[in-house]
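Please look over the model shown here before reading on.

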Number of protein chains: 4
Amino acid sequence: MDQISFGAVDPAALRQAFRTVRDHTESLSAALTPEDQAIQSMPDASPAKWHRAHTTWFFEQFLLLPHDRSYRPYDEAFGFLFNSYYEALGARYPRATRGLVTRPGAAAVSAYRAHVDAAVCRLIDAAPGTVRDTVRDLVTLGLHHEQQHQELLLTDMLHAFAQNPLAWRGDGLAVVPGWTAPRGEDGPTRFLDRPDGIVEIGHPGGGFGFDNEFPRHRALLQPHRLANRLVRNAEWLAFMQDGGYRQAALWMSDGFVMTKAEGWDAPMHWRPDGEGGWLQVSPGGLSVMDPDQPVRHISWYEADAFARWAGARLPTEQELEASAQDLPEFHSHVWQWTNSAYLAYPGFRPVPGAIGEYNGKFMINQMVLRGSSAATPPGHARDSYRNFFQPEKRWQMSGLRLARDS
Amino acid sequence: MDQISFGAVDPAALRQAFRTVRDHTESLSAALTPEDQAIQSMPDASPAKWHRAHTTWFFEQFLLLPHDRSYRPYDEAFGFLFNSYYEALGARYPRATRGLVTRPGAAAVSAYRAHVDAAVCRLIDAAPGTVRDTVRDLVTLGLHHEQQHQELLLTDMLHAFAQNPLAWRGDGLAVVPGWTAPRGEDGPTRFLDRPDGIVEIGHPGGGFGFDNEFPRHRALLQPHRLANRLVRNAEWLAFMQDGGYRQAALWMSDGFVMTKAEGWDAPMHWRPDGEGGWLQVSPGGLSVMDPDQPVRHISWYEADAFARWAGARLPTEQELEASAQDLPEFHSHVWQWTNSAYLAYPGFRPVPGAIGEYNGKFMINQMVLRGSSAATPPGHARDSYRNFFQPEKRWQMSGLRLARDS
Amino acid sequence: MDQISFGAVDPAALRQAFRTVRDHTESLSAALTPEDQAIQSMPDASPAKWHRAHTTWFFEQFLLLPHDRSYRPYDEAFGFLFNSYYEALGARYPRATRGLVTRPGAAAVSAYRAHVDAAVCRLIDAAPGTVRDTVRDLVTLGLHHEQQHQELLLTDMLHAFAQNPLAWRGDGLAVVPGWTAPRGEDGPTRFLDRPDGIVEIGHPGGGFGFDNEFPRHRALLQPHRLANRLVRNAEWLAFMQDGGYRQAALWMSDGFVMTKAEGWDAPMHWRPDGEGGWLQVSPGGLSVMDPDQPVRHISWYEADAFARWAGARLPTEQELEASAQDLPEFHSHVWQWTNSAYLAYPGFRPVPGAIGEYNGKFMINQMVLRGSSAATPPGHARDSYRNFFQPEKRWQMSGLRLARDS
Amino acid sequence: MDQISFGAVDPAALRQAFRTVRDHTESLSAALTPEDQAIQSMPDASPAKWHRAHTTWFFEQFLLLPHDRSYRPYDEAFGFLFNSYYEALGARYPRATRGLVTRPGAAAVSAYRAHVDAAVCRLIDAAPGTVRDTVRDLVTLGLHHEQQHQELLLTDMLHAFAQNPLAWRGDGLAVVPGWTAPRGEDGPTRFLDRPDGIVEIGHPGGGFGFDNEFPRHRALLQPHRLANRLVRNAEWLAFMQDGGYRQAALWMSDGFVMTKAEGWDAPMHWRPDGEGGWLQVSPGGLSVMDPDQPVRHISWYEADAFARWAGARLPTEQELEASAQDLPEFHSHVWQWTNSAYLAYPGFRPVPGAIGEYNGKFMINQMVLRGSSAATPPGHARDSYRNFFQPEKRWQMSGLRLARDS
């Protein structure tokens, strides 16, 4: 699939982008049974069919209902069932029990998607000549929103499968059969000297961006160095073999408590092979852990401890953004934990209305990740993109790149 | 369906009984989607497909593997996945997360059932002339076991549906479409005088019984009276309207804490209709609460408080068993909570081996229920039958019959 | 201290009994610092000064305020602070946080006790000639109530000290310095044959008894045998060495879960001595575990598992009461767990008013213990006495005596 | 008490500083009973006597044992009991149950303090002419450490007293009898324009500072404005009356969940007076809430929501530090929440050894507070001082100053 241009103003192009993204969601659930799609394996995750329905609800709620006077809600109950977290839109079904709602089932969600898709396409076409700004902007936002859920659908489903004992013996439980991690750079790790000084940070304008990437502003960098490669599984194994998970001096206090409470001794989804080696449950199923791949499914706590063990530190989000164009493996392997807390940029203003809840209300207790992962859909990420999770989360494809003061 | 005779020794009759019970399980899940069957709505409940697989595993584990030398396990992993609580049989998948195992799915479970059914029928037929005792006894035990799970499948699924907001508006979420509660006795409630003295309690022999019904033994009854009818919804409503759920003096201390912690103010599965009345989610779907039906889905705590409010008490299990033949509505409406703790009968001995875990290890912290419910499969219950649950459980079809000292 | 007669009707004798019991409470806290008295080491326990104040509040609440028109509450707040569980008396301070109330302190509680003591003695003396029945009955109840709290004060404080690392090295943390367990019977354990048939159970009348001992009624005993001795520490050690804590087949299901969750591998308050042997924290401080002493501080789950391991069972409360006069070591060593659930006797009626909450509302989820322990104050227990705790509790001086069917 | 100079190199001056700080700790517990000092009212808090002992242990552990060859540990067990969180120093008693250790009691802790005080003074005097650098530095660190615990002792004890129902009726439960909040600035709130550009941030050198204030480094400020006053109780009341605690749009998502879960509807330690007004439990006891005082005992979540309600934002820590010299009410009223996450400064290096655990391992999930409070001991705070707590904590004297973009 080629890069999708979200700047499209031509109705046909927008409709094409819409169809491409919507189809990609369905392709991600093509190998899933109805039972697979119904399951929620932890409160952080959501069922696959919930993702499919919620992304549809988003178009219905924010585009069709306000901007298509002839549109009637597909099912009144869906507004309650598929609202994720928008307080301004009234009561909603509790997140932690999404896995209890067996109906509407996978097929009923498909029908809901088809209904909304048709209405959106009609709305796009109905606009004269050049698509009206609002419709274009809301469709574009809806597609980026859906792409975020595509990544979550993949990692949530991977988590669910990884709980199934059948997955540990290689029974072919694959979210995306045939999926393999992209091959990274060969050669040794080197640290690239980066200049200090004032840089421009944030979305440069001229295309889509989430509100948390704005406004563009100046930031001051200290002199520093950045690794040309992501940390590899082989290096992580060395950390493990050196007792990294048991050396308190390497860890944040909260993180060390967490490793013991949760019994962490390897990245998430690694499984001992019974002969001293390791297997890994991935979207493609069970395979032998590949030492050359960038390590993934680690928490910020683990990334931070590893960096300390390696005599390095995590980069800041500004350091990564400033060098994004020059850094190998910045995109499409693993999200890279930074040592930047997820906070508003200077001058940040959320957009008015319910959509203003999209990002702003999560700006506490989370750390920023930069780049993008092998699970990120094509055309979704940008150099200015700010992903964010709590420091103990590890079910995303999160890894790290080392930095050093210079 | 007629009463099944479990005393059958003729292979054809046993095979017929086997088919009847096995088919009944499948009929109970006929209206369920694959998603419905995958869900576990609370730790006490299990997914419908788990019940279908576990009852099959029971035949495989206790009948086929020990007694059919040519039988090979259908899938090695199933012994781990579908063992419920038999410690003697090794490690097992944790109960609380049965709802996370999406595969094997509903269709794969059907295949497993068919495979085991064929093997069991072959084993029955292979026995010469009169079926061998052991095979007959194990088939019989397995069928009674399966009937217990038929009742759980129904109440577990009802609980799951009742969590779905769609059920509250009557969207046709019915475990058994068309299901209605059986009609009870008309006329006023009267208290029947019962004699005191020594009675024989426990299974009289001559047919199937669970180990907890043995040995038959003498018990001493005090003079008492028993209501000729079960407590009705209308009476329960009077208790509610009198503030029964808020009067501490009516309740056991633990029970009063529970009502407040859980927000109990009506039986489980009742829903306010928004106009001061009540609806009820039942196996047939949403309906108006019928004041003439025996109240069901109440905990022991609620039954005990109601009895105190009514100037009565709960009967003992011996009182009920001694009068079972004379009591209207003893069977097929609701299980009747007693004031008897679930303890071993004098001289109780569990059978040797893993099957000895069937009942004995649960003889603490539970109260006995007697009779049977509208969800109990035909031919399953007996006057000596001892059902048991913790006093806070209310997802079964449990109700009460009043007693008084005389 | 001699046996106190609670049947006293002579004012001087009643006043003397009152003083004796009240003084005994103070003697139990004589070795405790103010800090010791303020602590609550778990939700089941209460601070020593709370016991001292609550028993005083009991006289104020149930005797002085209703029956002495000139009496004014010592401090209005104490009615809130020192009500234990009487719903009929209004709001009360939450039990689980009693350890947060540093004031009134130990000295202020002493002043409260002195004030109430003087008022009670005046009330006793003010009654003409023979003390009025109500005053006598309430004083008597209050003294038995206080004796129950004396035992709790001792076991609660023992639990608190046992949490202090200093106690594990023998720093002289003794609730009652010099305390030693009474010496039991020598000689081997024998099983005494007991007859079956109908016996009279319950308080025979003619002296004080708690409401749960009434009414006296007939019960039917099965033929059985009872051990002439309590189970000893040496026998418990054999159970431990045989892997008793890790054999699922010996345990109730809930109990086996509990042993693993709580890490039980020995009786409460045992500590490894570092050389393969055991120490025991007792009211007298740290000492070497004595193999000849009756085992104490075990839960019902442990007692039940031990009995199964020993090829025996726990006795019923009726069996013990019927033989109480003939059984060595029935009183003053350890409370003996029975296999009887704590339920109302046939015909039981709680007394009207708040005092009716004393026992009746706890008749669920508890098991009966019979006899009395080395911590039971002199003159408190009776053969018909029914003690009760949840099956997982082990901070009382609870042990066991074996029984067998015959 | 005058400002203490920690730069002292003259032994007499250092000894004098030592005595002054140590005496201040004892003055803070002068009004506390032994019971008061023993209590831990929540896991975040510690008993007063623990603070008194732990600060003493700090001198013993880091100064006396390494640098006085003749010193012997006062009690081997104290190293286990009074280690707070230093992993490098071995096992330690669990924080959450510090309130269970009744012995050593308050008096025994006094003896421990006297013993260590004498040893420290001997060590100071024993150094020739000018005190050796290491001893001076460790004494100085120990004194700043003790001052931090002085503030905690006050706020921890305030929290404990505030749980006691007697405090709510004004029974004279005062941590520091006679304590009153310092009077703030009169006049209206104005916003002062602050320049943008590069500033120097961090400790300038030349006196004591904690490691987290180093290294001094350049930071870039955006144009902004800062309020000349702290937010007052009257303004907070307006926020409350406007439904501030119930408007989701004002809150971070986690914070809104917290307000509902914890039932927050006013600052901590406020109590309704029963007539529509408010009382406040303060270190001086119960008093009428004063609308002119800076609001205190609020969480970051509340401060952030208030700022949003006021059309403003929280300042960054760099903004506050850059203007600290010009800002009224910067010190000695309330700590001021910032919108800066507590992270390492560029180039931060913890000191080697166990003392390196002092600050660095807490640099996650916490927000920075700047300034100082009425509970901060004289001479403790600096303009570069970085205090930090999790965003839900509110038992410290934390308040806020508003900022705006300009």
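Of the residues of chain D, N365(D) comes closest to the rotation axis, its C-alpha lying at 2.6 Å. The model is a predicted one, in which local features need pLDDT of at least 70 and side-chain atom pairs count only at pLDDT 80 or more, whereas totals for chains, interfaces and linings use all residues. Residues are numbered from 1 along each chain as its sequence is written, and chains are lettered from A and ligands numbered from 1 in the order in which they are written.

The axis in question belongs to the rotation of 180 degrees that, with 0.0 Å of shift along the axis, superposes chain D on chain A with an RMSD of 0.0 Å (copies are superposed by least squares on the C-alpha atoms of residues with pLDDT of at least 70 in both). That is the relation of a two-fold axis.

The contact between these chains takes 26 residues from chain D and 26 residues from chain A, two residues being in contact if their C-beta atoms, placed from the backbone, lie within 7 Å. On the side of chain D that touches chain A, β3 (217-221), α9 (253-262) and β8 (335-341) of chain D each supply at least two residues, and β3(D) gives the most, with four residues; helices (H or I, at least four residues) and strands (E, at least two) are DSSP runs, numbered from the N terminus. By class, this side of chain D has 15 nonpolar, six polar and five charged residues, where Ala, Val, Leu, Ile, Met, Phe, Trp, Tyr, Cys and Pro count as nonpolar, Asp, Glu, Lys and Arg as charged, and the others, Gly among them, as polar. Because 100% of the interface residues of chain D are also interface residues in chain A, the copies meet through the same surface.

Within chain A, helix α3 (residues 48-67) and helix α5 (residues 106-126) pack at an angle of about 30 degrees, with their axes 9 Å apart; axes are lines fitted to C-alpha atoms, for helices over the stretch in contact, and angles run from 0 to 180 degrees between N-to-C directions. That makes α3(A) roughly parallel to α5(A), a term for angles under 35 degrees. Residues of α3(A) including F59(A), L63(A) and L64(A) meet residues of α5(A), among them V109(A), V116(A) and L123(A). By class, the contact of α3(A) with α5(A) has eleven nonpolar, two polar and four charged residues.

How values were computed. Parallel < 35°, antiparallel > 145°, perpendicular 65-115°, else oblique.
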